[in-house]
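This report is meant for someone meeting the structure for the first time. Please look through the sequence and the model before reading on.

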Amino acid sequence: MKDNLQYIRDAKRSEFETVCRNNGLALTIQRRTILDALALRNDHPTVDQIYEDIKENLKGVSRTTVYRVLETFVSIGIAKKISNPESKARFDADTRRHHHLTCIKCGKVLDLYDPALDNLVPNAGSLREFNIIDYSITFNGICACCRDRHHLSPEQDRSCPVDTVCSCK
Ligand SMILES: [Zn+2]
Ligand SMILES: [Zn+2]
């Protein structure tokens, strides 16, 4: 999981510079910091979570600014906005094809990498001439933390199976 995050962060940094240059977008400290914060998390953060991560380093930045910058990343293709049952938008720095496991109790979104799901082609008849550009499958369910929280001692409870901040406590 750590290696994956490191890969995403390094890939994001160089991709970001190229994409900014191509789009005539200034490489501001604000954009760099927000991109780094996004790429360092694999829990598909909300605007509020990114804001909490960067507010110490970017004095005076507002939630609205964070939202605007994240939307810019989505529009230039270096981040994705993911759909989930909550109304809050969540962002993903990993734009490679992958899928998601969404916990209906705590809202946590985990990545799912499974080549068997990567090349699905719907039946032509059901497509009605719709051109698919991309897709991501979301499986809704209960995460391990939520499943186990009533059966574990506080000591065990800290060992959440993913190295992300568990939001279900
Ligand atoms: Zn959960
Ligand atoms: Zn993801």
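What percentage of the 169 residues in the protein chain do buried residues make up? Buried residues make up 21% of the 169 residues, where a residue is buried if 20 or more other C-beta atoms lie within 10 Å of its own, exposed if 12 or fewer, and partly exposed in between, with C-beta atoms placed from the backbone. This is a predicted model, in which local features need pLDDT of at least 70 and side-chain atom pairs count only at pLDDT 80 or more, while totals for chains, interfaces and linings use all residues. Residues are numbered from 1 along each chain as its sequence is written, while chains are lettered from A and ligands numbered from 1 in the order in which they are written.

**Overall layout**

The protein chain holds seven helices and five strands, which are DSSP runs numbered from the N terminus (H or I and at least four residues for helices, E and at least two for strands). Along the sequence they follow the pattern α-α-α-α-β-β-β-β-α-β-α-α. Among contacts in the protein chain between residues at least 6 apart in sequence, 57% join residues at least 24 apart; two residues are in contact if their C-beta atoms, placed from the backbone, lie within 7 Å.

Which elements give two or more residues to the largest nonpolar core? This core has 18 residues, and a nonpolar core is a set of buried Ala, Val, Leu, Ile, Met, Phe, Trp, Tyr and Cys residues joined through C-beta atoms within 7 Å. The elements that give two or more residues to the core are helix 1 (2–23), helix 2, helix 3 and helix 4, and the largest share, five residues, comes from helix 2. The residues with the most contacts inside the core are Ile34, Leu38, Ile50, Val66, Leu70 and Ala79. In soluble globular proteins, nonpolar side chains tend to be buried together. Leaving aside neighbours within four places in sequence, Leu38 is in contact with Pro45, Ile50, Ala79, Phe91 and Ala93.

Helix 3 (residues 47–54) has Val47, Gln49, Ile50 and Tyr51 as its buried residues, and what covers them includes helix 2 (29–39) and helix 4 (63–75).

| Helix pair | Packing angle | Axis separation |
|---|---|---|
| Helix 3 and helix 4 | about 115° | 9 Å |
| Helix 2 and helix 3 | about 115° | 10 Å |

The angle makes helix 2 roughly perpendicular to helix 3, on a scale where angles under 35 degrees count as roughly parallel, over 145 as roughly antiparallel, 65 to 115 as roughly perpendicular and the rest as oblique. Their contact is made by Thr33, Ile34, Ala37 and Leu38 of helix 2 and Ile50, Asp53 and Ile54 of helix 3. For helix 3 and helix 4, packed at an angle of about 115°, the arrangement is likewise roughly perpendicular. Here the contact is made by Val47, Asp48, Ile50 and Tyr51 of helix 3 and Arg63, Val66, Tyr67 and Leu70 of helix 4.

**The sheet**

In what order do the three strands of the open sheet stand? The order is 4-3-5, with mixed pairing, and two strands pair if DSSP finds at least two bridges between them. The edge strands are strand 4 (109–112) and strand 5 (138–141), each of which pairs on one side only. From one strand to the next, the twist averages 25°.

Strand 3 (residues 99–103) is joined to strand 4 by four bridges, and these two strands run antiparallel. Across this pairing, His100 stands opposite Asp111 and Thr102 stands opposite Val109. The hairpin of strand 3 and strand 4 has five residues between the strands, and Gly107 there takes a positive phi near 85°. Four bridges also join strand 3 to strand 5, but this pair runs parallel, with Thr102 opposite Asn140 in strand 5.

Not counting residues up to four places away in sequence, Gly141 touches Leu101, Cys103 and Ile104. The C-alpha atoms of Gly141 and Cys103 are separated by 5.1 Å, although the two residues are 38 residues apart along the chain.

Definitions and conventions
Axes fitted to C-alpha atoms, helices over the stretch in contact; angles between N-to-C directions.
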